[in-house]
Amino acid sequence: MRPNIIKVGFLRGGLEIKQFMRQRESVVFTLLFPVMLLFIFGSVFKGELAPGVTFSQYFVAGMIASGLVNTGFQQLAIMIPIERDFGTLKRLRGTPVSPISYFIGKTIVVFAAMIVQIAMLIGFGAALFDLNLPTTFDKWFRFTWLILLGSACSTILGIAFSSVPKNGRGASAVVSPIVIILQFFSGVFFVFTTLPFWMQQFAAIFPLKWLTQGMRSVFLPEDFATQEVAGNWEISRIALVLIVWTILGTLLALKTFRWSNK
Amino acid sequence: MANELAIEISALTKSYKSASEGKKLAVAGIDLQVVVGEIFAILGPNGAGKTTTVEILEGYRSRDSGDVKVLGQDPAALDKNSWAWRDRIGIVLQSTNDSQDLSVTETVKHFANYYSNPRNPDRVIAEVGLEEKRDARIATLSGGQRRRLDVALGIIGNPEILFLDEPTTGFDPEARRAFWDLIRKLRDEGTTILLTTHYLDEAEALADRVAVIVDGKIVEIATPENLGGRNNAKAKISWLENGIKQEVESDSPTLEVAKLAERFSGEIPELSIIRPSLEDIYLEMIGHK
């Protein structure tokens, strides 16, 4: 009897979480970095964007969205090439373990890191910068599906993109600039509507802009929607873009995934 | 079942494209058969095509031509049920560097979950001699201990065939002996073992049969005792006579020496009898005269 693929996936998830927690650098940089950024930006920009909307409120929405990109896309697109170098993947390939179990394990560790990161951002935001939490069921519901869909999209794109770096050493140099540029273009560090038109257009191709917009719809007052590019939150379009990217990423990941560096 | 085949290879070839030399033939037509229950060594210098051959058998690499069967299955034609085949084989790769942050026990126990009929993890850890290191992080293990862990992970699934690619490179002599004992024990328990090595003494100490491979071709397949015709190689007898060094090659050196003893009626000056060592034969085979 073959060991259950889902069960082995969860066992891999547990193992990956254990490994993640034991790498102090990764814990500090992946989990604490967004909080440090929030602290810096929140301390520098103290003003209000609109009546009742502080910059840190706007920024927390952006940081949660880009946190999903950091822990999912960035972490995996860097870690998987390193695991190829270390022979982790080659060894797994030589066992009866299913690639699906491996992907499930990755999804679990990414998801766990995301939840911790979001909790810390909200906690610090509320404690230091008077962050207002969503008050309606609708907003919490939207927050939940945005996290689920956003993390699925981010995870699968990370796995797909892990085929791009030639080896583990170069992975960070390939992946990190892409993430940072997308963060600038997508309205994470700056108010999106103040960005140049071409930048907005470019960012609109990628999921981060939409995820950020979705998080704003959760954390900012309803009437702030009039200040968005389209004049409203475009919720269904956000869902559509994330779903399309997730499907695209899955197809790419299945087609390009490889177990070893050439 | 006596003489059942675990591995069958015929006319196997594999070439790589290299920028400097164009197409390079790494495996240039190999035929060999490994019988269930034996330790079979592929011996050859670095770059002879050992690892390429083994990785084709393990299903990691494609081949250009030839037929390959491992436990009756072509590793290049694995379908959805490939897990069932991998469930029956164990692989110890040439070098690994993974799972640094886990302990020995955590890793071995986790890998046991991948197999349908795993061995007992605690017993496997004891068998490879890592009991004292069971709770140590893998990053803190020495090279030899790390290799033992690789073997533990290779045998945790209770495989019918174990592939070992240069298992003792970088070991100190004591660790090598302990490692050899472990491999012999696995063979005695019924595991078929295919091992590659560039150490002649390793092949001699472990293998039931040895294939010497040079430039992608098999030069000879034999038991270590018979390798290179060592069992019936002529002995070289030399002595000094009238100030000149004399030398004869003979199948019956004792008789030659008796004749000489009669002639000299006493001590034969500078007498020596030399049989070619396995190393001499091997070096000759691989072309380093």
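This is a predicted model: local features need pLDDT of at least 70, side-chain atom pairs count only at pLDDT 80 or more; totals for chains, interfaces and linings use all residues.
Biologist: How many residues does H5(A) have, and what should they span?

Modeller: Helices are DSSP runs of H or I with at least four residues, strands are E runs of at least two, and both are numbered from the N terminus. The expected span of a helix is 1.5 Å times one less than its number of residues. H5(A) covers residues 99-129, so its 31 residues should span 45 Å; the end C-alpha atoms lie 43 Å apart, which agrees. For H1(A), the 18 residues should span 26 Å, and the end C-alpha atoms are 26 Å apart, again in agreement.

Biologist: Staying with H1(A), which of its residues are buried?

Modeller: We count other C-beta atoms, placed from the backbone, within 10 Å of a residue's own: 20 or more means buried, 12 or fewer exposed, and anything in between partly exposed. In H1(A) the buried residues are A:Val8, A:Gly9, A:Leu11, A:Arg12, A:Gly13, A:Leu15, A:Glu16 and A:Phe20.

Biologist: And what do the buried residues of H1(A) pack against?

Modeller: Within chain A, they pack against helix H2 (24-44) and H5; from chain B, helix H3 (104-112) joins in.

Biologist: That brings in chain B. How many residues does the contact take from chain A and from chain B?

Modeller: Two residues are in contact if their C-beta atoms lie within 7 Å. Here chain A puts in 20 residues and chain B 18 residues. On the chain A side, helix H1 (5-22) and helix H4 (88-93) each supply at least two residues. H1(A) gives the most to that side, with 6 residues.

Biologist: Now for helix pairs. At what angle do the axes of H3(A) and H7(A) cross?

Modeller: Axes are lines fitted to C-alpha atoms over the stretch in contact, and angles run from 0 to 180 degrees between N-to-C directions. Helix H3 (residues 55-86) and helix H7 (residues 168-185) of chain A cross at roughly 165 degrees, and their axes come within 8 Å. H3(A) and H7(A) are therefore roughly antiparallel (under 35 degrees is roughly parallel, over 145 roughly antiparallel, 65 to 115 roughly perpendicular, the rest oblique). Among the residues making this contact are A:Phe73, A:Ile78 and A:Arg84 of H3(A), with A:Ala171, A:Val175 and A:Gln183 from H7(A).

Biologist: How far apart are the axes of H6(A) and H9(A)?

Modeller: The axes of helix H6 (residues 137-161) and helix H9 (residues 207-219) of chain A are 9 Å apart, and the packing angle is about 160 degrees. That angle makes H6(A) roughly antiparallel to H9(A). The contact residues include A:Phe143, A:Leu146 and A:Cys153 on H6(A), and A:Leu211, A:Met215 and A:Val218 on H9(A).

Biologist: On to chain B as a whole. How many helices and strands does chain B come to?

Modeller: Chain B has 9 helices and 12 strands. Its C-alpha trace spans about 75 × 45 × 45 Å along the principal axes. Of the 289 residues in chain B, 35% are buried. Taking contacts in chain B between residues at least 6 apart in sequence, 66% join residues at least 24 apart.

Biologist: Is B:Glu166 buried or exposed?

Modeller: B:Glu166 counts as buried because it has 21 C-beta neighbours inside 10 Å. It sits in the loop between strand S6 (161-165) and helix H6 (173-188) of chain B, and its phi is positive, near 45 degrees.

Biologist: Where in chain B is B:Leu71?

Modeller: B:Leu71 lies in the loop between strand S4 (65-70) and helix H2 (82-86) of chain B. Although not a glycine, B:Leu71 has a positive phi of about 50 degrees. With 16 other C-beta atoms within 10 Å, B:Leu71 is partly exposed.

How values were computed: Residues are numbered from 1 along each chain as its sequence is written. Chains are lettered from A and ligands numbered from 1 in the order in which they are written.
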